[in-house]
Amino acid sequence: MTNAITYITHKSLRTSYVIQGDSMAASGPSADGNTNIPDYEYTDVNTTAFHIGSFRNEWLSRLKAEDCSYQQEDDDAFDANFAKEMGVAAETMTELKSICSLDSLRCHPEDEQPDTEVVPPDPTLKTLVQRKKKQDYRASLKVTKNRHDLYADELERLTVGRRPEEVADLVPEGEVILTINIYYPAIFEKFNYIRPHMTLLMTGSHSLAELRDAICCVSDLQVCGEFSNTPDIAPDFISKDHYKSAFFFFEGVFYNDMRFQECQDISMTVIEWAKARNFPPHSQAKMEDTQFVDLKVKVGFPYLYCHQGDCEHLVIITDVRLAHRNDCLDKKLYPLLTHKHRVTTQKCAVCHVFIGRWFTTNDQFAPSEPCLFCDKCFRMLHYDSEGNKLGDFLAYPYVDRGAFN
Amino acid sequence: MDFFRKQVKSDCEELLRRFQETDSVRFEVFSKIWREMNFAQIFYGTVGHEKRAFSRLVLDSTCRFFLPPFSFQIRVGGLYLLYSLYRCQTASPSEQIRLALKDWDDMKKFEKDAVDAQHVDVVYIFRQLMFLKAFHFTAMPTQLTYNKKKKVERSALCEEFIERASRPQQLINIELLEELSNIHDLYKKLKSSVSMTTEQADSSVNLIHKDLVPQLRSTVVDFYKWQQRKVRHLHRFLFKIICMCVFLDNISCSKRAGLLASIKSKAYGQASEVCALCYRF
Ligand SMILES: [Zn+2]
Ligand SMILES: [Zn+2]
């Protein structure tokens, strides 16, 4: 990637934003404070509602082009500029640079390279004392790094500072990046208390439909139906085609997915759904036509994503900020998954080795009701060598959340 | 990672407290304390994924010292601390410092004050952070997950670091009391020049408290005590101030306007002098 290219991308995007910004300013509020500068509605909990595109323009109008550029400027140019602007003589500048250098912060002899992965002996900082305590405790338990940590490392390594192969795929300078948490449905009783979620990064130019497509929920894959008489024709997975309707609810607006024929008349269902839950007056818009920059939201506030008729997820936008040179800058890798709750897989009740694929009810062979079997054990116990069903049980295909990770 | 929040806060406050004692805004002075405390070691002992999470925690908990309501000197210390932590962190590539849109104006004002006062090192460190692209330009100072419990644990601001200029004891200090005392004497002389005897004057034209100055002084002392004992004293303090204003207002001689103006200008002058102290080289 060359200087010229980044510069042009930045410049063009910036210009178009500034134009938008001007028109926003004309219609926006002015006298009683700018409502597109987010502030707390409840301290440390959530913000007031603001328009994401206008928020971006507010930042861009304050920053110089180089402040949000991906390009690292030249050291000497910085020094020369500084000296000139502050009226500092050359020798003062040299002294200043040495005073403010990294060397002045070094806490060990120059010829020694300390091991930064261990707590130094006899620490005085309270943080270090605490860390030592924690490490000693962990060592006494003899636990090594858990899967969760490993997985987080993996995601991190993949995404930090990534650049695209094609210039056209570069996330433009001055673009906004949103961090979005999608929580798994509360009905999943096992996880009520730890609030498992996935975290996605999206850019301002993404649409809500793209967010929808990036949300993976097991109920999008759940096979409906009882297949005990015909286990061979039970499909492996059934995709989103089952019920295509879905909507997001942000700040009084229902955003419906209208991309498919089957979705066209969901509006009525939504309105009734809203009535039943005493929702305040609301309007509707199309998910696929709504970009994040068009949205008005509160950061930190729980909103709603509903699909498959009744599978409800909380959606929280936890962060909105300008893109940075260390971000993953390849558009193609967005929506970018940065966190996913790892669910332990449910093993077969018989062999305890393989992941469960069937669950049965009314089953005389089962140690529990309902009971989970791997495909092998299920067929072995419930069918004779010719494949004839033995007994009166009911069998449902099962998609394991853990297997789906 | 929240596990370390309390310890990190206390370590940072200790460093800033030592910096405050020096009454300096020089980076040299700051970095000396940093080295004495082996502060770079705060990152030692974190591995893998912890590095990034700990950098995040440390930068988030330090950022507020760089903003109001802290005094200029503490804000300088906060800036130096942010810079030093940012440069010394073990996460690679580095975690950024979060800067919220609502705090931008405060920060630019701080930069301007530093430029105006020719604090070259303060300006240099600040511009270095911009140059190093150390900031994320964000909506809010931290990510928000609708976590209502976190609020309960939110720790109090360190009282000694807060801007002092607004405090009554700064406004009504020894010099002001002396000045008031002089004015009071002048007023007494004025009265006696009008009447035949001083005894007569004192009793007949008794428009102002005889012991105005000692009373004002004791009120300020009261206010100090209130800082330990809270509310009730403040009410009494305000009540006394109001009473005194009424007394001053009742002085029906031509000196009245001048006297009020003198007190006012002295009071404001003191306030701005206190601010100026923060800029001491
Ligand atoms: Zn779902
Ligand atoms: Zn099995």
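Glu73(A) and Lys133(B) form a salt bridge through their side chains, at 3.3 Å from N to O. A salt bridge here is a side-chain nitrogen of Lys or Arg within 4 Å of a carboxyl oxygen of Asp or Glu. The pair crosses between chains: Glu73(A) sits in the loop between H2 and H3 of chain A, and Lys133(B) in the loop between helix H6 (120-131) and strand E2 (135-138) of chain B. Helices (H or I, at least four residues) and strands (E, at least two) are DSSP runs, numbered from the N terminus.

This is a predicted model: local features need pLDDT of at least 70, side-chain atom pairs count only at pLDDT 80 or more, and totals for chains, interfaces and linings use all residues. Residues are numbered from 1 along each chain as written, chains are lettered from A and ligands numbered from 1 in written order, and side-chain values use heavy atoms, without hydrogens and water.

**Interface of chains A and B**

Over all chains, the count is 31 salt bridges. Between chain A and chain B it is five. Two of the side-chain pairs that join these chains are tabulated.

| Residue in A | Residue in B | N to O distance |
|---|---|---|
| Glu73(A) | Lys133(B) | 3.3 Å |
| Glu117(A) | Lys51(B) | 3.0 Å |

Several elements of chain A supply at least two residues each to the side that touches chain B, including helix H2 (52-62), helix H5 (126-141) and strand E11 (311-322). H5(A) gives the most, with eight residues.

In contact terms (heavy atoms within 4.5 Å), 83 residues of chain A meet 72 residues of chain B. The chains bury about 6800 Å² between them, 63% of it on carbon and sulfur atoms. Buried area is the accessible area (1.4 Å probe) that two parts lose on being put together, summed over both.

**Within chain B**

The axes of helix H3 (residues 49-62) and helix H4 (residues 72-88) of chain B come within 10 Å and cross at roughly 170°. H3(B) is therefore roughly antiparallel to H4(B) (angles over 145 degrees). Axes are lines fitted to C-alpha atoms, for helices over the stretch in contact, with angles from 0 to 180 degrees between N-to-C directions. Val58(B), Leu59(B) and Thr62(B) in H3(B) meet residues of H4(B), among them Leu81(B) and Tyr86(B).

Note on methods:
Angles under 35 degrees count as roughly parallel, over 145 as roughly antiparallel, 65 to 115 as roughly perpendicular and the rest as oblique.
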